[in-house]
Amino acid sequence: MTSSSDRIFSASSSQISTSFNKGNVNTHLEDKMSASVAVYRNIYTEDRFRQSYGTEDKPRGGGQRFREKIAERCRCSRAACLHLLRERVPIFNWLPKYRLKKWMLGDTIAGLTVGILHIPQGMAFALLTSVAPIYGLYTSFFPVVLYMLFGTGRHVSTGTFAVVSLMTGSVVEQLVPTPLQLNSSSPEAADFEAQRIGVASAVALLSGIMMLCMFGLQLGFLSTYLSEPIVKAFTSAAAFHVTISQLQSMLGLRLPRHTGPFSLFKTLASVIENLPQTNMAELLTSLVCLAILVPVKEVNMRFRQYLRTPIPVEILTVIIATGVAYASSLDSNYDVQIVGHIPAGFPSPRMPALHKLPEVAGDTVAITFVGYAVSVSLAMIYADKHGYSIQPNQELLAHGISNTVSSLFTCFPSSATLATTNILESSGGFTQLSGLFTSLVVLIVLLLIGPLFYFLPKAVLACINVTSLRQMFLQFQDLPDLWRVSKIDFVVWLVTWLSVVVLNVDMGLAIGVVFSMMTVICRTQRAGCSVLGRASNTEIYRPLENHNKCYEVPGVKILTYNGPIYYGNRSFFREDMSRLLGLTPERIRSREKARKALEKREREAVSTVERGVANTSFSSENEFFKSETAESEVQAVLIDCSSVIFVDVAGARLFIQMCIDCQKVGVCIYLANCNESVLRILTSSGLMNYMNPQHIFVTVHDAVMYIQQQKEQTPENTTTVWV
C-alpha cells in the first residue's frame with residue numbers, strides 16, 4: 001500500500017509563465033522540454049518497498065506444481081492434438097487461411113522462377129560436393145517439399161547452398177579421394193560415385209539427427225552465437241574457397257582436390273603450376289559463359305524493381321551450352337569434360353554409409369551450425385521485412401526432417417540459400433506454397449529432361465558457381481560502416497575472414513566463434529568502474545568523467561560498475577574499487593592496528609570500571625572512526641548496481657570482502673538499484689552478516705538522502721525524498 005506521505009506534484013513552466021502559440025511548433029517543443037516535476041515521497045529501502053508494493057510470497061509447493069505440469073502435458077484431447085498438429089506441421093495452420101486470388105499468382109511465378117534456377121545451381125553445387133550432378137537435382141527437390149510442410153519462413157528457399165556444399169565436399173574428398181586415373185564409364189567409376197554419395201548422405205543424415213536432437217532440447221537459441229559479422233565474414237571468405245576450387249574446372253585441368261589447413265593456397269599453387277596444361281576449349285567456354293552471366297546478373301540486380309521475374313540466364317546458358325557441345329562434339333574432339341549420364345526417374349531409397357558416421361561426426365557439427373544459422377538468419381530477415389514471425393526451434397525441426405529424410409534418397413546436406421531466397425522474395429512470393437511449384441519444375445527435369453543434359457560442359461557449371469557468389473563478394477562494402485559503428489565487430493569480421501581464408505572453412509569458423517566470444521568476455525572483464533556525481537537540484541546521477549558539471553555528494557563516494565561481477569572479472573572489479581576508494585593494504589593494516597589498540601583500551605577501561613575507578617580518557621570506537629573518516633572525507637560508499645546484471649558466488653564473496661575492508665577503515669557500504677537475482681545471491685551468500693539490511697535502497701537518490709539525513713541526525717521514521 002502507498003504511504004499517505006508519498007505525493008507527486010507536476011507543473012509545466014509553459015503553462016504558468018508563457019502563452020502557447022499553436023502555429024509555432026519549435027516553441028511547443030521547447031515548452032514541453034522545460035516542463036518540471038517535483039516529487040515528495042518516503043525514502044525506500046528494498047525491504048520497505050517490498051512491503052509496500054511487492055507481491056505476497058506464495059507457498060512454493062514445487063513438487064505438486066511439477067506433477068500438475070506433467071499431468072497437464074500428458075492429457076490428450078482433440079483440441080490439444082489439433083493444436084500440436086498445427087504447431088509442428090505449420091502447413092495445416094496457414095493453408096486453410098490461404099488467400100487464393102491474392103497470393104496464388106505471386107507464389108506460382110516465384111516458385112517457377114526459383115525452380116528454373118535450382119536446375120543449374122543444383123548440378124553446379126553437386127560439383128562442389130564432389131558428387132555427380134544428378135544428386136544436386138535430388139537435393140533441390142526433397143528438401144523443398146519437406147520445408148514447405150514443416151517450415152515457418154514464408155520466403156525461404158531451401159536446397160543446395162554453396163558454402164554447405166563446399167564443406168561437405170571437403171569431407172567427401174578426405175574419406176574418398178579422387179584417383180588421378182579413372183575411366184568415367186568403368187564399373188570402378190560407378191562404385192567410386194556410390195562411395196562418395198554414401199559419405200555425403202551420411203553427413204546429411206547425421207546433420208538432420210543433430211538438428212532433431214537440438215529441437216528436442218529446444219536449442220534454437222544456439223544460432224545466436226553466430227553473430228552477423230561472423231556469418232558475413234564466413235560466407236565471404238568461403239566464396240574465395242569456392243572460386244579457387246572451380247578454377248581447375250574452368251581451365252580444364254585434372255588436379256586432385258586439396259583439403260585441410262592452407263587448402264586455398266595449395267589449390268591456387270597447383271593451378272598456377274599446371275597452367276601450361278590448360279584446355280583452351282574449356283577456357284574459351286568459361287570466358288564466354290562469364291561474359292554472358294555477369295552482365296545479365298548485373299541487369300537483374302540493378303533493375304529488379306522493374307522486372308516481374310529476373311532473366312533466367314543460368315538455365316538459358318545451360319541449354320545453349322549443351323546444344324553447342326552436342327553439335328560440336330566438344331567432349332571427343334577437344335577433350336572437354338561433360339556432365340555425362342543423368343538417369344531419368346525418381347531415386348530409389350538407399351541407406352547412407354552408416355559405417356562412416358563416426359568419421360564425419362566432427363565436420364558435421366560445423367556443417368549443421370552453418371546450415372542452420374544461415375537458414376534462420378535469412379528467415380528472420382524476410383520475416384521482419386514482411387511483418388511476421390518465425391519459430392527458431394520449429395526451423396530446427398523443419399531442417400532436421402529435411403536432411404534426415406533426404407539422406408535416404410541419396411541427397412547431400414541442404415539449407416536455405418541466399419540467391420534463390422532473394423529471387424523468391426523479389427519475384428512476388430507470399431507463402432511456402434511457392435515451394436510446390438519449385439519442386440514441380442525440378443521433378444519434371446528429373447523424370448523427363450535430365451538425360452538431355454548429358455553433353456553439358458562442367459566448365460559451365462563452374463562458371464555458374466562462381467557468378468552465384470556475387471552477393472558474398474559484395475559484403476566487403478559493409479566494412480566501412482562496420483568500422484564506424486563498432487571497431488570490435490570489425491575486428492571479429494576480419495579475424496573470421498582471415499581464419500577461413502588462410503586455414504579452412506571448418507577451423508576458420510570455429511576460430512571466429514571463439515574469438516567473438518572472447519571479445520564478449522573481455523568486454524565484461526574490463527567493464528570499468530565509475531564515480532557518479534549528482535546533477536544540481538535533481539535526483540539524476542551520472543559519471544563524473546563525462547559530466548563535469550555534476551558534483552560529488554560530500555562524504556559519499558558513489559560508484560557504479562558497468563557489467564556483471566563473476567569469477568572472470570572479480571580481480572578487475574576489486575582493483576577498480578580499491579583504487580577509487582583508496583583501500584590500499586597499508587591503510588587497511590594501519591586501521592586494523594588502530595582498531596586492535598582501541599579494543600585493548602576498551603578492555604582496560606572495563607577492568608578499571610570493575611575495580612571502581614573511572615577512565616576518563618576512553619573514547620568509543622565510533623568516535624575514533626568518525627574522526628578518521630572526517631579527515632579522509634569519505635564516510636560512506638554507495639554502490640549503484642543498476643548495471644550489474646548478475647553476480648556469481650565468487651562475485652558475492654568479493655562483495656563480502658569489500659564490506660569487511662571498508663569496515664576496517666571505518667566506511668559504511670550501501671547498495672542501490674539491485675535486481676532481484678543479484679540481491680538474492682548476495683543475501684544467500686551471507687552478505688547481511690556484514691552489512692545492515694536497511695542499507696540496501698531502491699534508488700541511488702534514496703540512499704543519498706538517507707546518508708545525509710543520518711549525518712544530520714534526522715530520525716529514520718520521518719525521512720523523505722524531496723527533489
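Among contacts in the protein chain between residues at least 6 apart in sequence, 81% join residues at least 24 apart. The model behind this value is a predicted one. The chain holds 31 helices and 11 strands, and buried residues account for 49% of its 723 residues.

Two packed helices are described by the angle between their axes and the distance between the axes. Helix α7, spanning residues 100-128, packs against helix α15, spanning residues 313-328, at an angle of about 55°, and the two axes are 8 Å apart. Angles from 65 to 115 degrees would count as roughly perpendicular and those under 35 degrees as roughly parallel; α7 and α15 are therefore oblique to each other. The crossing of α7 past α15 is left-handed. On the α7 side, the contact is made by I116, L117, I119 and P120, while α15 contributes E314, I315 and V318. Sorted by class, the residues of this contact comprise six nonpolar and one charged, with no polar residue.

Attention now turns to the aromatic rings. A pair of aromatic rings is described by the distance of the centres and the angle of the planes. Across the whole structure, a search finds 28 aromatic pairs. For F240 and F473, the ring centres are 5.2 Å apart and the planes stand at 85°, so this pair is edge-to-face. F240 belongs to helix α12 (residues 228-251) and F473 to helix α22 (residues 470-473), so their pairing ties together parts that are 233 residues apart in sequence. F240 has a relative accessible area of 28% and is partly exposed; F473, at 26% relative accessibility, also counts as partly exposed.

Another edge-to-face pair is formed by Y454 and F455, with 4.9 Å from centre to centre and 70° between the planes. Y454 is partly exposed at a relative accessible area of 35%. For F455 the relative accessible area is 21%; the limit for a buried residue is under 20%, so F455 is classed as partly exposed.

Methods: Residues are numbered from 1 along each chain as its sequence is written. This is a predicted model: local features need pLDDT of at least 70, side-chain atom pairs count only at pLDDT 80 or more; totals for chains, interfaces and linings use all residues. Side-chain values use heavy atoms; hydrogens and water are left out. Axes are lines fitted to C-alpha atoms, for helices over the stretch in contact, and angles run from 0 to 180 degrees between N-to-C directions. Helices (H or I, at least four residues) and strands (E, at least two) are DSSP runs, numbered from the N terminus. Angles under 35 degrees count as roughly parallel, over 145 as roughly antiparallel, 65 to 115 as roughly perpendicular and the rest as oblique. A crossing is left-handed if the near helix is turned anticlockwise from the far one by less than a right angle, and right-handed if clockwise. Contact means heavy atoms within 4.5 Å. Ala, Val, Leu, Ile, Met, Phe, Trp, Tyr, Cys and Pro count as nonpolar, Asp, Glu, Lys and Arg as charged, and the others, Gly among them, as polar. Rings of Phe, Tyr and Trp (its six-membered ring) pair if their centres lie within 6.5 Å; planes under 30 degrees apart count as stacked, over 60 as edge-to-face and the rest as tilted. Buried means under 20% relative accessible area, exposed over 50%, partly exposed in between (1.4 Å probe, protein chains only).
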